[in-house]
Amino acid sequence: MHHEIQKMREMALVYLDRSGGLQKFVHDCKKYNDSKQSYAVYRFIISINPSDIAELDATLGNYILHNPIQAAQIFQSVCFVAIKTLSLIEQLQTEAQISVLLKPTHLPPLPSYVLSLSAFPFNYTSQRFYMSEGIVIAMGTVTKYTQGARFLCTEETCPFSEGFRYIRVHLPGATESATVRSDFVCSLCSSPLQEDMKFRVLGDKQIVEMIDANVLNALKGYCNDKSHFRIQTFTVFLRDELANKMKIGNHYKIIGIPACVQNGLQATACIEANSVQLCKPNGPSFVSDNFKYLLSLTSSSCWRFTAILANIFASQVVPPGSYNTLKLAILLSLVQTCDKESADYLDLLIVTSDTLVIDRLLNYSMCLLPRGVRHPPSSEVFPCVSKDKHGTGSASIHACSAVLAQGGVCYIGDLSSYKKDKLELLQSVLESRMTTVFIPGKKYGEAADQQVTISVQTSFWSFVGVDSSPKKHIQKDNFLIGQMDVSLIPPNLLDVFGLLICNEFPSCQLSSPLVHHILKKAINPEAMLYKVSQQFRTEDYEEFILFAKNLHVELSSEAENLIQGYYLASRRVRRDSINGSTLSASALKVLISLSKAHTKLSLRKKVLEEDALIAILLLESSLTLKHGKSALCIAPNPVFPFDLTDENSLQQRDSYLRQCYHHLLKFIGAYGPGIHMNPNEE
């Protein structure tokens, strides 16, 4: 066995020399040596490529993967000999002072190296490297732990009453009491050992709760997959350079060593993280052939493809041709979902009396995204704080629905069911896309209070049931033409939602096709009621949206001029003597977001005037519901004024939209001086 260990030491030195690790090690030693300070522990991080080291020496490669703690001792010996031979650190006295952390760049892509709490058995007793992945759903504050400590014999005549013979170093899965406690005895004279506090080395520690990514299917409230699986959170310890490397709500792949931590009578399975890697979902590089064919058929018009998409969308929930404006807005919102902080989010608020149908439609649409979360009423929408369950007494921040829906949609249900303080918090988040968690220091054992700011990269959907709301409100008598009674919703909150949409059917009266659809679905939920449902399946829409949302689009100068002209003209038209302009500053951002979304939905990369026109009509319709008609005076349902039944109806709609375009140019010319518009000759 000694011969094998010696051979592995030689191979470890050869690997360090070939991989460039030896050069990095010498550089790290120089930092310690230049400080001229004596340390109890000298810590070194060595990057290991399992493929390269297994090719160099299979025995050493296998030893690193399956006995990483013992393998670290081999590198510890190599490092000590190198330091003494080359005189790299003058202060170093014993090999025990060297702490080596091996960091594999990856693990073999084999099932035996994957650790999942959804699968049995969960082998947490073998202290070797595993790969696991999941979503961060809770995160504690950074605290301190003992990285290393020096102990001395209390017997003054003992040779070990000085020097660096007894060094305790943290090992993966070990608790604080395993590193530092008062019952250690000298191996030479059996006298008690006492810690030399001057040489205690502290490091950063952070406790993170992760969960299998399959939980996203459960959070949707609806799933096509009928199989059952077990979901359980698992604890991840981040130490030293890994502290604060994770963000709450993100999806990570980690390499680490599993362990079992005892907290009183409760044992917790955890993973001591060795490396952390952010998982970025790759969108599909294709759309289905049926969508491609539809795009080629409608290439003569910039409006037809998206009109047909909206017309046939969600035929599993509502009949084709119903709720077209709402379905177009949903599709536009879906393709604008993004996990970047500078994204153009598109939030939707629907006013309806058909709450059941709208709820089904929104829930179905939300499930088309990998990150679609239906908020359960019993939990919090935004992050909250509680005591860490591992007995540390520190604070733990929980992700909640909005953060778990990162890069997707958080569907929060009926807005009228929320209390005033929750609505104010929602308004604040929609304005800034940030939320702040307050952590009182006194309650969680900290010296000072903390405020943690968390980015909320999510689009929000909600509805208001105008007839069924339990809240009482006062009816206004001075409604303007086209204005809707939305007094249930605070005006400031109403303004921060990108679009306000009213469903197309009169109150208490559903269309005949919708009634037939609901009854047939109640009898046979799995039935395909329309041929178009087979031609454009739910999976096809999922792929289409993932492809479209990843398109990078740019505004053309013509579209920019049209948007700017409308915005300035509307600010002048929509104003009152008390509050000034009723058009909020965020309206311009919403216009740009809608224009880009329509371009993506059309599978183009340049925003045209046609895209800007659809955006303007949708926003003007929303503003009319809030504030009444303006001088632009659009029709009640401007984007879909006709039922789309055949090619003639599509041509009729194109002609109508061209008239709207010229009408818009006249409006800008009359109320937006300084904006030079050149109407295209037909």
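**View 1. Helices α18 and α20 side by side.** The axes of helix α18 (residues 557-573) and helix α20 (residues 609-627) come within 8 Å of each other and cross at roughly 20°. Here helices are DSSP runs of H or I with at least four residues, strands are E runs of at least two, and both are numbered from the N terminus. An axis is a line fitted to C-alpha atoms, for helices over the stretch in contact, and the angle, from 0 to 180 degrees, is taken between N-to-C directions. That crossing makes α18 and α20 roughly parallel to each other, a label for angles under 35 degrees; over 145 is roughly antiparallel, 65 to 115 roughly perpendicular, and the rest oblique. On the α18 side you'll find E558, A559, L562, I563, Y566 and S570, and they meet E609, A612, L613, I616, L619, E620 and L623 of α20. Contact means heavy atoms within 4.5 Å. Sorted by class, this contact of α18 with α20 has nine nonpolar, one polar and three charged residues. Nonpolar covers Ala, Val, Leu, Ile, Met, Phe, Trp, Tyr, Cys and Pro, charged covers Asp, Glu, Lys and Arg, and the others, Gly among them, are polar.

A word on the model before moving on: it is predicted, with local features needing pLDDT of at least 70 and side-chain atom pairs counting only at pLDDT 80 or more, while totals for chains, interfaces and linings use all residues. Residues are numbered from 1 along each chain as its sequence is written, and side-chain values use heavy atoms, leaving out hydrogens and water.

**View 2. The whole protein, for orientation.** There are 21 helices and 23 strands in the protein. Of its 682 residues, 52% are buried, where buried means under 20% relative accessible area, exposed means over 50%, and partly exposed is in between (1.4 Å probe, protein chains only). Take the contacts in the protein with a separation of 6 or more: 74% of them come from residues 24 or more positions apart.

**View 3. Helices α8 and α9 meet.** Helix α8 (residues 289-297) and α9 have axes that come within 9 Å and cross at roughly 135°, so α8 and α9 are oblique to each other. Their crossing is right-handed. F291, L294 and L295 from α8 meet F305, I308 and L309 from α9. By class, that contact of α8 with α9 has six nonpolar, no polar and no charged residues.

**View 4. Helix α10 against α17.** With their axes 8 Å apart, α10 and helix α17 (residues 538-549) pack at an angle of about 55°. That angle makes α10 oblique to α17. L331, L334 and V335 in α10 meet Y541, I545, A548 and K549 in α17. The class count for this contact of α10 with α17 is six nonpolar, no polar and one charged residues.

**View 5. I330, tucked into its surroundings.** I330 sits in helix α10 and is buried, at 0% relative accessible area. Apart from residues up to four places away in sequence, I330 touches F313, L348, L361, L362, S365 and W461. One of these, S365, is 35 residues from I330 in sequence, and 7.3 Å away in space, C-alpha to C-alpha.

**View 6. R433 and T458 together.** R433 belongs to the loop between α13 (420-432) and β16 (434-439), while T458 is in the loop between β17 (450-455) and β18 (459-465). Both count as buried: R433 has 13% relative accessibility, and T458 has 0%. A polar atom of the R433 side chain lies 2.6 Å from the backbone oxygen of T458. Leaving aside neighbours within four places in sequence, the contacts of R433 include Y345, D347, S428 and F460. T458, on the same terms, touches several residues, among them Y345, D347, A402, C410 and R433.

View 7. Most residues other than glycine have a negative phi. S87 has phi near 55°, a positive value, and A314 has phi near 60°, also positive. S87 is in the loop between α5 (68-86) and β2 (98-104), whereas A314 is in the loop between α9 (304-312) and α10 (324-335). S87 is exposed, with 55% relative accessible area, but A314 is buried at 2% relative accessibility.

Definitions and conventions. Polar contact = N/O pair within 3.5 Å; in protein donor to acceptor, adjacent residues only side chain to side chain. Left-handed = near helix turned anticlockwise from the far one by under 90°.
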